[in-house]
Amino acid sequence: MPCNTCVTATSQPTQMKDFASANIFTWCTNCGNYGINAAVRRALVELDIKPCETITCFDIGCNGNGADKIGGYTFHGLHGRVIPAACGAALANTETKVIAFGGDGGTLGEGVGHLVHGVRGNYNVTFILHNNLNYGLTKGQASPTTKKNMKMDSSPDGPTSEALHPVRFVLALESTFVARTFSGDVKHMTKVFVEAIKHPGFSFVEVFQSCPTYNKQTPHEWYQQRVFDVSTVSDYDPSNRARAFEIAEDIENKIAIGVLYKDKNSVPQSARQQNRAKLNTQLVEETRQYPIDTLLKAFR
Ligand SMILES: Cc1ncc(C[n+]2csc(CCOP(=O)(O)OP(=O)(O)O)c2C)c(N)n1
């Protein structure tokens, strides 16, 4: 249900300014986060979602510094822990669109277990991975997606382990929606985010994000010369997981972007809760205040 502010504006379609923030952007010049922020707002406008109908949840990191750069409800959590918070929000109010953001470090390092269970639980969350191939906010340490031997300030010879391939990893988790895009193309990101937000269930979107300060090897131009959208492949069938694995594999030369995999029969976690099937209320409306004095006294 729209909030009081939005009630007056419901006759108007959502506009970019509805999701604007007065705060000053602090990202480096040319950081891919500018494009991601713009594309998320564009997607929400295209879907005519009001600020009070959405909650954007941010992890810690450069990506997380977007938490106060967008209108609507926002949540800023602990490093690597944004997914459980977002899944909780999605269960608490099934009418709210939940969009969560995390870096490659937080998501595939500290919080990798949360990604696994968010995906397999198929919570109604759109998750956007800001994959800039490094831990950006703490000055460019190698992350799980930093390429083997890619020289970083804090590991001058580069990591000695193979990089994790996020799409291959998530496809293997019985995911219901997997997509990829890159931060140099706001139009493409918008298109992919719209599809992801519409998906009932956990929609995983990897954004190859430029990091002009700490990752000099893969700027926007590098991606631009290599990407193609799977929708341009005449026989591509996004419901075929084996085909998605195959087309998504190459992340060096011919990089597939767009909606790589989608399960049309996806049933989100909230719709699997048989015990709630006959209830007309949302969990968030069922919360009550419990005085905890008695409990606390027991420990005195
Ligand atoms: C549990 C925990 N580990 C480490 C940190 C320190 N820390 C804060 S931001 C950050 C880097 C974030 O990198 P990433 O998640 O890739 O996001 P990016 O900054 O690149 O967007 C780190 C290591 C922390 N705050 N909490």
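Modeller: A residue is called buried if 20 or more other C-beta atoms lie within 10 Å of its own, exposed if 12 or fewer do, and partly exposed in between, with the C-beta atoms placed from the backbone. The model is a predicted one, in which local features need pLDDT of at least 70 and side-chain atom pairs count only at pLDDT 80 or more, while totals for chains, interfaces and linings use all residues. Residues are numbered from 1 along each chain as its sequence is written.

Colleague: What makes leucine 133 count as buried or exposed?

Modeller: Leucine 133 has 25 C-beta neighbours inside 10 Å, and the cut-off for buried is 20 or more, so leucine 133 counts as buried. Leucine 133 is found in the loop between S4 and H6, where helices (H or I, at least four residues) and strands (E, at least two) are DSSP runs numbered from the N terminus. Although leucine 133 is not a glycine, its phi is positive, at about 65°.

Colleague: How do you know on which side of valine 119's cut-off the count falls, buried or exposed?

Modeller: Valine 119, which is found in helix H5, has 26 other C-beta atoms within 10 Å, and since buried asks for 20 or more, valine 119 is buried. Leaving aside residues up to four places away in sequence, valine 119 touches Val170, Leu173, Ser175, Phe202 and Phe204, contact being a C-beta to C-beta distance within 7 Å, with those atoms placed from the backbone.

Colleague: Why are the buried residues of H5 said to line one face of the helix?

Modeller: In helix H5 (residues 112-121), the buried residues are His114, Leu115, Gly118 and Val119. Seen down the axis of H5, they fall within an arc of 125° (the arc of the directions from the helix axis to the C-beta atoms), so they line one face of the helix. What covers them includes helix H3 (82-92), helix H4 (104-110), strand S4 (125-131), helix H6 (166-171) and strand S6 (203-208). H5 is followed by asparagine 122, whose phi is positive, near 50°.

Colleague: What makes H3 a helix that is mostly covered?

Modeller: Nine of the eleven residues of H3 are buried, among them Val82, Ile83, Pro84 and Leu91. The cover over the buried residues of H3 includes strand S1 (54-58), strand S2 (73-76), strand S3 (97-103), H5 and S4.

Colleague: How do you know that both faces of S3 are covered?

Modeller: Lys97, Ile99, Phe101 and Gly103 on one side of S3, and Val98, Ala100 and Gly102 on the other, are all buried.

Colleague: What makes S1 and S3 a pair?

Modeller: Two strands pair if DSSP finds at least two bridges between them, and S1 and S3 have five, in the parallel sense. Threonine 56 stands opposite isoleucine 99 in S3. S3 and S4 also pair in the parallel sense, over six bridges, with valine 98 opposite valine 125 in S4.

Colleague: What makes up the shell around the ligand, by class?

Modeller: The shell has four nonpolar, twelve polar and two charged residues, where Ala, Val, Leu, Ile, Met, Phe, Trp, Tyr, Cys and Pro count as nonpolar, Asp, Glu, Lys and Arg as charged, and the others, Gly among them, as polar. H4 gives the most to this shell, with four residues.

Colleague: Why is the protein called as compact as a globular protein of that length?

Modeller: The protein has ten helices and eight strands. Its radius of gyration, taken over C-alpha atoms, is 20 Å, close to the 19 Å that the globule rule (2.2 Å times the number of residues to the power 0.38) gives for 300 residues, so the protein is as compact as a globular protein of that length.

Key. Two residues are in contact if their C-beta atoms, placed from the backbone, lie within 7 Å.
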